[in-house]
Amino acid sequence: MSIDIETYRLKAQEAIEYVFVKEYHNSLGIPMPIVKMLLPDDANYSTGQYYITIDKTWQIHLNFGKLPISYHEFQNEVKVLTRHEIEHYMCCPFDVITHFRMLKRIRDVYYKHFSHLGINIKYACGAISNQAADIIVDTKNYYRHSKETLKSEIDWIKIGANISACPRHCKLMFLTKEAIWKEDLGINETDPEFLKIVHQLADSFTKNGIEDKSSFLDKVEEYAEIFFKLYVEDQKNPQQSSQQGSQQQSGQQGPQQQSGQWGVGRPKDGDEHGNAFVFADPDKVKEAIEVLAEETSVEEFIDLLAIAGIIGMSDKQKGVLWFNVQSANIIPIVEFSNTGNKSSYTYPSVWRIGDPIEELDLMLTYMTSPRLIPGMTTKKWEYVSNDDNGTESKQMDLLLVVDTSGSMGSAMKESANMHQAVLASYGILSYFESTKSKVAFIGFSDKIDAYVDWSDKYDDVRERLLTNGHGGTKFPISRIKSTLDVRSRDLVTVLITDGDLGNINESVSYFRDYLNDDNKLYIFLLGGSKSLHSYEPLKNIGAKIYNANNANEFCGMVLTDME
C-alpha cells in the first residue's frame, strides 16, 4: 500500500498548529516546528528523529519515519511529540545554562565515583541528562494529556527490543515514569530491590512537584548516580549481558540499540549523541557559556562544551573564552607618555662611589684629568628629557613578557603558576586593549617559545599564552631589545615570572638602562620566589615589583598603589 507523504505532512501541520494555538494560545515565542519525512534508507526511519536546534531561537525539528496507517493515530503522536519538545523549552531544562549545569552534575558524579569505568562520558552525559529531563516533561504532559501520552510511551517501548530482558540501567527511565504515573507500561519488572530503588527515585522526582525548577539539578544528579550504579552491577551480571547480546544478534534494532549500550532505553528525542539540543552557533548562547565559565575550572569548561555539542570552537578558543571571563578584574597598568616630540640633552657630571659602575665613563674622566680620583675627577653623563609644551598624553604601549619555563607548569592547571600568569596577563591585556594601545608579546624559557610583534591583535596574544611550561629560564634580553628598538615612544614592559631567572644579574643590568630611558617596568613575581631581593636595585630607579600567589592579589596590589 502506497503512502501519501504530502497528506501526512499536512496532517502533521494541522496537529502542530492545534497544540500551538489551542493548547498554548500562541504564547510560546518560538517558531512552528520544522517537519521532515524520512526515507526508508534513513538510519532513524523506524523511530523518527526529534530534537531542538538552538540558534537565534529554539527551533523544534520533527523528522517522521515509518508512518502508521491511521491518520488519527499519527496526529495524536504528532501532538505528543510537539508537546514533548515544547516542554523542554517551557519546563526542563527551560534554558541553556540549566542544560549545561545538568551536564556538569552528571559529569561530576562520574568523575567522583565511576571514572574507573572508562566509558564515553561525552556521550553518556547527554543521554542521561535527556532521560532525566524526559521524566519531568513527559510526566507534566501525562498529567495534562494522560491517554495520549501513555499510549505514545507504550508504543515507543514496543518499537524496540524486548525491554523486560534488557539490563536494568536501560529500563530506569521507563520504570520511573511507570512508578510516577502509576500505570503499566508493559515492562513487567519483577526484581523487588530494583523496584524499591525506582520508587525511591520516583518520590524524589515528584517531591515539591514535578515542575520544581529549583530541584532539577539534584534530581539529575540522583538519577545519574543510580544509573551508573546499575550499569556497574549489570556489567557484573553475565546473564543480562548475554540476553542483550542475543537481542542484538537477532536483528531487533529499535530505539534502544541504535547507539550501543548507552542507546538502550533512549528517550524519543535526541541527536546521534543522545543530546536533545543541537547548538547551531556558539555566539547565540554566549551568555550561558560565559556563566558556565564563571562556575567551572578551565578543564571542566572545555569538557562540558564538548559534551554539550558546542562545535566551531577549538579547545584553545574555549580556553581563551574561559580566561577572558575569569579575568574580569582588569589590572590597570596606568602609564602615560606625551605624544609630541621631546627635547633632550646630556651633560657631564661627577661619578661618585655608590653610583652604578657601568655609568662611569673613563674616556670622559681622562679627558678631564689624568688622575683618577673617585668622587672628584671621575665623570659620567647625565641624561635630561623634557616634554614639549602643548603635547597630549597617551597610554603607553605594552610589551608583555611571560616566563613559560617548566617551573611555571600548565596554563590549564589551577594550582600552577602558569595558570595565574595567564589570568593576570588577560587582566592586563583587557586594560591596554580598552585604551587602544599596541601590544607585543614574548613567551620565554631557555628559548623564545612564543612571539607576537607590535600590533592591536590582542586575541593572538591571548591564544599564544595558553601553553604548558617547559625548559629552563633565561631572560630574552636580545629579543626584548630588538622589540623595543622599533618603537619610538615610551613603553611599559610587564614581566611575569616565578622569579628564577637563569641570567638574573645580566637582566637587572639591562633594565637599569631601560628605565633610565623613561620607560616603565612592572615585575610580577609569582609564588614564594626567593629572587625578590635580586630585583630590589630596580625599585630604586622606578620599577614596580609585586610578589603574590595569584592574579587577584596582583590586581589588588596594583589598585592599592593607584589610591
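This briefing describes the fold, the nonpolar cores and a selection of individual residues of one protein. The model is predicted. The protein has 563 residues, and 52% of them count as buried. Its secondary structure consists of 19 helices and 14 strands. Among contacts between residues at least 6 apart in sequence, 73% join residues at least 24 apart.

**Nonpolar cores**

- The largest nonpolar core is made up of 136 residues. Phe 64 and Phe 228 are the residues with the most contacts inside this core.
- Another core, of 25 residues, lies apart from the largest one. Its members include Phe 444, Val 508, Leu 521 and Tyr 535.
- As background, nonpolar side chains in soluble globular proteins tend to be buried together.

**Aromatic rings**

- The protein contains 25 aromatic pairs.
- One of the pairs is Trp 58 with Phe 277; the ring centres are 5.4 Å apart and the planes stand at 75°, so the pair is edge-to-face. An angle over 60 degrees is what counts as edge-to-face.
- This pair links distant parts of the chain, with Trp 58 in strand E3 (residues 58-64) and Phe 277 in strand E4 (residues 277-279). The two residues are 219 residues apart.
- Both partners are buried: Trp 58 has a relative accessible area of 10%, and Phe 277 has one of 5%.
- Tyr 110, Tyr 111, Phe 114, Phe 205, Tyr 223, Phe 227 and Phe 228 form one aromatic cluster.

**Charges over rings**

- The charged end of Lys 213 sits over the ring of Phe 94, at 4.8 Å from the ring centre.
- The charged end of Arg 462 sits over the ring of Tyr 426, at 6.0 Å from the ring centre.

- Helix H4 covers residues 121-144, and at 1.5 Å a residue its 24 residues should span 34 Å. The C-alpha atoms at its ends are 35 Å apart, which agrees with that expectation.
- Of the 24 residues of H4, 21 are buried, so the helix is largely enclosed by the rest of the structure.
- Lys 140 is found in helix H4. Its relative accessibility is 7%, under the 20% limit, so Lys 140 counts as buried.
- Beyond residues up to four places away in sequence, Lys 140 touches Glu 87, Cys 91 and Glu 211.

- Leu 185 is found in the loop between helix H6 (168-181) and helix H7 (192-206). Although it is in a loop, Leu 185 is buried, with a relative accessible area of 2%.
- Leaving aside residues up to four places away in sequence, Leu 185 touches Leu 150, Glu 153, Ile 154, Ile 157, Phe 174, Lys 177 and Glu 178.
- Leu 185 and Glu 153 are 32 residues apart in sequence, while their C-alpha atoms are 7.5 Å apart in space.
- Leu 559 lies in helix H19 (residues 551-562) and is partly exposed, with a relative accessible area of 37%.
- Leu 559 and Ile 333 are 226 residues apart in sequence, and their C-alpha atoms are 9.2 Å apart in space.

**Backbone features**

- The peptide bond from Cys 92 to Pro 93 is cis, with omega near 10°. Pro 93 lies in the loop between helix H2 (71-90) and helix H3 (96-114).
- Asn 26 has a phi near 55°, a positive value in a residue other than glycine. Asn 26 lies in the loop between helix H1 (5-23) and strand E1 (34-37) and is exposed, with a relative accessible area of 57%.
- Asp 518 has a positive phi too, near 70°. Asp 518 lies in the loop between helix H17 (504-516) and strand E13 (520-526) and is partly exposed, with a relative accessible area of 33%.

How values were computed. Residues are numbered from 1 along each chain as its sequence is written. This is a predicted model: local features need pLDDT of at least 70, side-chain atom pairs count only at pLDDT 80 or more; totals for chains, interfaces and linings use all residues. Side-chain values use heavy atoms; hydrogens and water are left out. Helices (H or I, at least four residues) and strands (E, at least two) are DSSP runs, numbered from the N terminus. Buried means under 20% relative accessible area, exposed over 50%, partly exposed in between (1.4 Å probe, protein chains only). Contact means heavy atoms within 4.5 Å. Rings of Phe, Tyr and Trp (its six-membered ring) pair if their centres lie within 6.5 Å; planes under 30 degrees apart count as stacked, over 60 as edge-to-face and the rest as tilted. A charge sits over a ring if NZ of Lys or CZ of Arg is within 6 Å of the ring centre and within 35 degrees of the ring normal. The expected span of a helix is 1.5 Å times one less than its number of residues. A nonpolar core is a set of buried Ala, Val, Leu, Ile, Met, Phe, Trp, Tyr and Cys residues joined through side-chain atoms within 4.5 Å.
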